[in-house]
Amino acid sequence: MTTAGTPPTAGHGPLSGVRVVELAGLGPGPFAAMLLADLGADVVRVDRPGGTDLAVDPAYDVTNRNKRSIVVDLKAPDGPARVLDLAERADILIEGYRPGVTERLGIGPADCHARNPRLVYGRMTGWGQDGPLAQRAGHDVSYIALTGTLGMLGRPDEPPTVPANLLGDYAGGSLYLVVGVLAALHHARATGTGQVVDAAIVDGTAHLSTMIHGMLAAGGWQDRRAANLLDGGCPYYGTYETADGRYMAVGALEGKFYAEFLRLLGLDDLASARKDWTRWGELRERIAAAFKSRTRDEWTAVFEGSDACVAPVLSLREAPAHPHLAARGTFTDHGGITQPAPAPRFSATPTAVRTGPARPGADAAAVARDWGTPARPTDDHDDLDDLVTDGG
């Protein structure tokens, strides 16, 4: 058993002193655990022998930053007992297996609550713990497709635009899991009673569209792509190509911002077209032609310092160097990897990237010491690829 590893995370961030067990998986579970770790929780990731199917070198998997790792074979005779030892000492446990898997392994909610009634047991899946699709495999795009949100994205004459895995996995999944386990932790500390948090990506992603459903019911939203105020249908809320093949993003919704936008674009004669839907085709064509006359950087200079709500569309590699993001430290470099800094920010309990990605098994001895669990040798056996949900 190695003695190398990262130090405890106590003393950093508003969740200092909170202990979290993360049963290793892919996608939204690790991201949720990273967020808790960024906020100062002591997150112990229980990795599987052989790792996961993620095609990224563990040294670059920054969703495992600020965590510690041990390796446990959950199919080994002592595997479940090792997890229960951790659960007994934890505040929160996060798992992303298909429904029923942890119960069959002996580490389900009832098993853990028998050892620790105050434990918050967070379950991260795509379809949820029940329902006709609960046992089906899936990924982000599958989940957002059924919620109606994927169908909102893109141009009307093209297939829906896939928003990477940001909308389902992370917005509808990870963030709702984090909100859920922190709310349940508050309840547990007030009452002494833990509970199970069922965070389903379909539920969270549907919840994100609450305002849109209200607008739909009121007749203020059409149930088709690129036909509405916020989905690219409005000519002064969307993106336009520039002379060099790059893009500018326009969000000049309010009247005073729209007037400033037209002034800087040199299209003041189109002021009356703002609320005249019959002229939106003309408005879009004139705006597009104007943007095609200069490069992205030239237009960026034109709109610099204005309230026209216009910004350049930057690439992932360009974004960290933008003056505003650089001034705020929105991105940070740690261990040679440029990555987003922890968010949000706290005045009394600041957060930081304290350690790089946890290496599988590197912290077994340190975790046993700090959590007071029995130190056991690890074995290399079969992994759980047949059991883990395709949650991302």
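## Elements and overall dimensions

Helices (H or I, at least four residues) and strands (E, at least two) are DSSP runs, numbered from the N terminus. N66, for example, is placed by this scheme in the loop between β2 and β3. The model described here is predicted.

The secondary structure of the protein comprises 13 helices and 11 strands. The protein has 392 residues, and 45% of them count as buried. Among contacts with a separation of 6 or more, 69% are between residues 24 or more positions apart.

## Aromatic pairs and one cluster

The structure contains 11 aromatic pairs. In one of them, Y240 and F291, the ring centres are 5.5 Å apart and the planes meet at 20 degrees, so the pair is stacked; the cut-off for stacking is under 30 degrees. Y240 belongs to strand β7 (residues 237–241) and F291 to helix α10 (residues 280–291), so the pair ties together parts that are 51 residues apart in sequence. Y240 has a relative accessibility of 5% and counts as buried. F291 is also buried, with a relative accessible area of 0%.

W299 and F303 form another aromatic pair, this one tilted, with 5.9 Å from centre to centre and 35 degrees between the planes. Both residues lie in helix α11 (residues 296–303), where they are four residues apart, about one turn of the helix. W299 and F303 are both buried. A single aromatic cluster takes in Y240, F261, F291, W299 and F303. R294 lies over the face of W299, at 4.9 Å from the ring centre.

## Helix α7 and its two partners

Two packed helices are described by the angle between their axes and the distance between the axes. Helix α5 (residues 140–147) packs on helix α7 (residues 201–208) at an angle of about 50 degrees, and the axes are 9 Å apart. That angle makes α5 oblique to α7. The crossing of the two helices α5 and α7 is right-handed. On the α5 side the contact involves Y143, I144 and T147, which meet I201, V202, T205 and A206 of α7.

Helix α6 (residues 166–191) also packs with α7, here at an angle of about 100 degrees and with the axes 8 Å apart. Helices α6 and α7 are therefore roughly perpendicular to each other. From α6, the contact uses L167, G168, D169, A171, G172, G173 and Y176; from α7, it uses I201, G204, T205, H207 and L208. In the loop between α5 and α6 lies A164, a residue that has a positive phi of about 50 degrees although it is not a glycine.

## Helix α13 and what covers it

Helix α13 (residues 364–371) has A364, A366, V367, A368 and W371 buried. The cover over the buried residues of α13 includes β1 (19–23), β2 (42–47), β3 (67–71) and α2 (79–89). Just after α13 comes G372, with a positive phi of about 70 degrees.

## Loops and backbone geometry

Most residues other than glycine have a negative phi, and most peptide bonds are trans. N66 is not a glycine, yet its phi is positive, at about 60 degrees. With a relative accessible area of 0%, N66 is buried. A343 and P344 are joined by a cis peptide bond, with omega at about 0 degrees. P344 is found in the loop between β11 (337–340) and α13.

G40 sits in the loop between α1 (28–38) and β2. Its relative accessibility is 0%, so G40 counts as buried; the cut-off for buried is under 20%. From G40 to R19 the separation is 21 residues in sequence and 9.5 Å in space, C-alpha to C-alpha.

Key. Residues are numbered from 1 along each chain as its sequence is written. This is a predicted model: local features need pLDDT of at least 70, side-chain atom pairs count only at pLDDT 80 or more; totals for chains, interfaces and linings use all residues. Side-chain values use heavy atoms; hydrogens and water are left out. Rings of Phe, Tyr and Trp (its six-membered ring) pair if their centres lie within 6.5 Å; planes under 30 degrees apart count as stacked, over 60 as edge-to-face and the rest as tilted. Buried means under 20% relative accessible area, exposed over 50%, partly exposed in between (1.4 Å probe, protein chains only). A charge sits over a ring if NZ of Lys or CZ of Arg is within 6 Å of the ring centre and within 35 degrees of the ring normal. Axes are lines fitted to C-alpha atoms, for helices over the stretch in contact, and angles run from 0 to 180 degrees between N-to-C directions. Angles under 35 degrees count as roughly parallel, over 145 as roughly antiparallel, 65 to 115 as roughly perpendicular and the rest as oblique. A crossing is left-handed if the near helix is turned anticlockwise from the far one by less than a right angle, and right-handed if clockwise. Contact means heavy atoms within 4.5 Å.
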